[in-house]
Amino acid sequence: MRGSRLLLQRSHALYRRSVNTWSAVGAAFTVQQQRFEHLKKNVGLFGVSELSGPAGFQMAQHQALREAEFLVHKACTHPPGAITVETFDQLSDSLCRVADLADFMKVAHPDAAFREAAERTCVEIGTVVEKLNTNVDLCQSLKNLLENEAVLATLDSDTRRVAELFMFDFEISGIHLDESKRSKVVALNVKLLDLYHEFLSGSQLPNAIDKQVLPEHIRHCFSIDGNRIQIGGLHADSPNELVREAAYKIFLYPNASLLLCLDELLACRHELATLVGYESFAHRALKGTMAKTPETVMKFLKLLTDKLSDRTSRDFKMMKEMKKKTHSTNPEVMAWDHAYLSCAIRTEKFNIDPSVYSPYFSLGACMEGLNRLFMQLLGVSFQAEQPKMGELWSEDVRKLAVVHETEGLLGYIYCDFFRRLDKPHQDCHFTIRGGRLREDGIYQLPVVVLMLSLPPPSGKTPSLLTPSMVENLFHEMGHAMHSMLGRTRYQHVTGTRCSTDFAEVPSILMEYFASDYRVVSQFARHYQTGERLPESLVSRLCESKRVCGAADTQLQIFYAALDQVYHGIPQYRSTTDILREIQEKFYGLPYVNNTAWQLRFSHLVGYGAKYYSYLMSRAVASMVWRQCFLQDPFSRVMGERYRREMLAHGGSKEPMLMVQGMLQKTPTIEDFVDALVFDLDANVKSPP
């Protein structure tokens, strides 16, 4: 063990002498990468040798399944002890290393053959995982450990928690039920997969109407297909009120079959939750989160609504005044007006023009800014690496090694930042390989991908970012650093594999850094003149973000409350009736008859009963920013505390304990609410 650690340290030292210098980071995102592929062999995607072609997914899958079979046998036959948890984690890792990579490739690879092969692998491994979660012998080996007090007393807290998390996975799969009920759980899970696919597909489909229904002068605003008009979105930013109204009423017009699909989806989730012993799906989903129970979430949302009430009313009053200026025939602010009018008010007050900011935010400068910030806070820097042949799925992807000044190499970030044909327009963080302490004593380095939709460089002009793109870059890099610095013993709880309402804290915290002039002034220079971004522009940008902030927050509260009620105790009435009631209680703008916004609420699938998480994470991030970084955003002392208390544990520690460690107090729901309200009232992103 000692020898392997010495070997690892030596390799890190050698690595530091051979990598590019700090200044190369910005250049890596400004100039085209050199290619010497004709001189080298194809190493496969992410260096996985099997993945030099689409057929390699099946090879990697078979290898993972053979390894899984061996590990299942080992777990079931070995006496209970720490090795039981280690074997479970190895089993999880062997499957995740293939499944997570395939999950990313099925959406990101430009070659359809790779995408299809990755999709098949996801399905195959998903099926195996479902079977493992209902493997009675495998569960019994873990149960033998958790019920043996003498052995349990010898386990460290991380090992014990991971054992409990694995057992939770078994329990929600109905492992403790009799055979008939267990079969029912499996059947419900299979049915839910189909319902998820049906709902997500349906939520993205446009609605079509006869073009004669719409006034002739607005038809050109939509897609015309013969005698039909296709409306595939809300057109919320259109200056034409009639366009916004028509789009809202038509795009959100109820689809009978999709309403049935949603009813069935929610009913299946509830039945599944009650079968495995929970009062509702929300109760099951919130176990292990910061909030813990649906009752706490609703208390948070109601208290926040009460605290924002006067501010929200003022925002809607401002919108009404703005609507008067547009000479609208309808003086009332309607649901289709919210986004447009709040933007119009911001424009009138601050006239923020993204094109004024973009020349100061070249991608290379932003990456050097992040590099400098992480070095100051955490002693961590980026090193641009030359990828090997076949390692990347697109030539515009950049590879960064993340290196600590004393600990050496921490992991790799693949930056898939630029727009391209058929690439999803979404900003995401993907875990490709989780960090863990291997059996040979060497740490398995984490590998992640950050996917953005930035404009590519053109000619002599580098990639220039708008302020919102800069914020998104910082946000996603917060996730990446969580993955790099969450150096847990077990990959099951590595990095962002933690509760949903805590996972967004590191990423949202980075948004505060992105809005602080002391941070921005370190890197924001005009790409042609070298002029520094004026402080007044950053101040105006921060102030503009708070315009109609209460109304915008209230809209998110409405979505979160709707999500909670849908996943709570069944009310045996239509989802539209529930929507109408929750909108009246939690929004402030009237429900529009014959609309079903819930059918476009695709987050119901991926964030069922957890949509509140973004608000709660923002509250925690706000408190951490004000208490720990507002005075000095470059404080190494606070940076080290942040790593030690929040980033290092991944999901191996209760989320609220991590928050307590960082804030050095136990925050209440009232504290969460006050933090969000404070953000709206004061420019907390600048020093006092």
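The legends below describe close-up views of one predicted model.

Residues are numbered from 1 along each chain as its sequence is written, and side-chain values use heavy atoms, with hydrogens and water left out. Local features need pLDDT of at least 70 and side-chain atom pairs count only at pLDDT 80 or more, whereas totals for chains, interfaces and linings use all residues.

**View 1. Overall fold of the protein.**
The protein contains 28 helices and ten strands; helices (H or I, at least four residues) and strands (E, at least two) are DSSP runs, numbered from the N terminus. Its radius of gyration is 26 Å, close to the 26 Å that the globule rule gives for 688 residues, so the protein is as compact as a globular protein of that length. The radius is taken over C-alpha atoms, and the rule is 2.2 Å times the number of residues to the power 0.38. Along the principal axes, the C-alpha atoms fill a box of roughly 75 × 70 × 55 Å. Of the 688 residues, 56% are buried; buried means under 20% relative accessible area, exposed over 50%, and partly exposed in between (1.4 Å probe, protein chains only). Among contacts with a separation of 6 or more, 73% are between residues 24 or more positions apart, where contact means heavy atoms within 4.5 Å.

**View 2**
Three strands form an open sheet in the order β1-β3-β2, with antiparallel pairing. Two strands count as paired if DSSP finds at least two bridges between them. The edge strands, β1 (207-210) and β2 (223-225), each pair on one side only. Neighbouring strands of the sheet are turned by 30° against each other on average, direction ignored. Axes are lines fitted to C-alpha atoms, for helices over the stretch in contact, and angles run from 0 to 180 degrees between N-to-C directions. Four bridges link β1 to β3 (residues 228-231) in the antiparallel sense, and D210 stands opposite R228 in β3. Helix α10 (residues 241-251) packs on this sheet and touches β1 and β3, its direction making about 85° with that of β3.

Strands β5 and β6 run antiparallel and are joined by seven bridges; L400 stands opposite I413 in β6.

**View 2. Two loop residues with positive phi.**
Most residues other than glycine have a negative phi. F46 is not a glycine, yet has a positive phi of about 55°. F46 lies in the loop between α2 (24-28) and α3 (56-77) and is buried, with a relative accessible area of 13%. C548, also other than glycine, has a positive phi near 60°. C548 belongs to the loop between α21 (535-545) and α22 (549-566) and is buried at a relative accessible area of 1%.

**View 3. Salt bridges.**
The whole structure holds 39 salt bridges, each defined as a side-chain nitrogen of Lys or Arg within 4 Å of a carboxyl oxygen of Asp or Glu. In one of them, D552 pairs with R346, with the closest N and O atoms 3.9 Å apart. D552 lies in helix α22 and R346 in helix α14 (residues 338-350), so the pair ties together parts that are 206 residues apart in sequence. D552 is partly exposed, with a relative accessible area of 28%, and R346 is partly exposed, with 22%. R636 and E405 meet in another salt bridge (2.6 Å, N to O). R636 lies in helix α26 (residues 636-647) and E405 in the loop between β5 (398-404) and β6 (408-418), so this pair ties together parts that are 231 residues apart in sequence. R636 is partly exposed at 30% relative accessible area, as is E405 at 37%. K423 and D416 form a salt bridge of 3.0 Å, N to O, and both residues are buried. Salt bridges with shared partners also join E67, D93, R97, R436 and E439 into one network.
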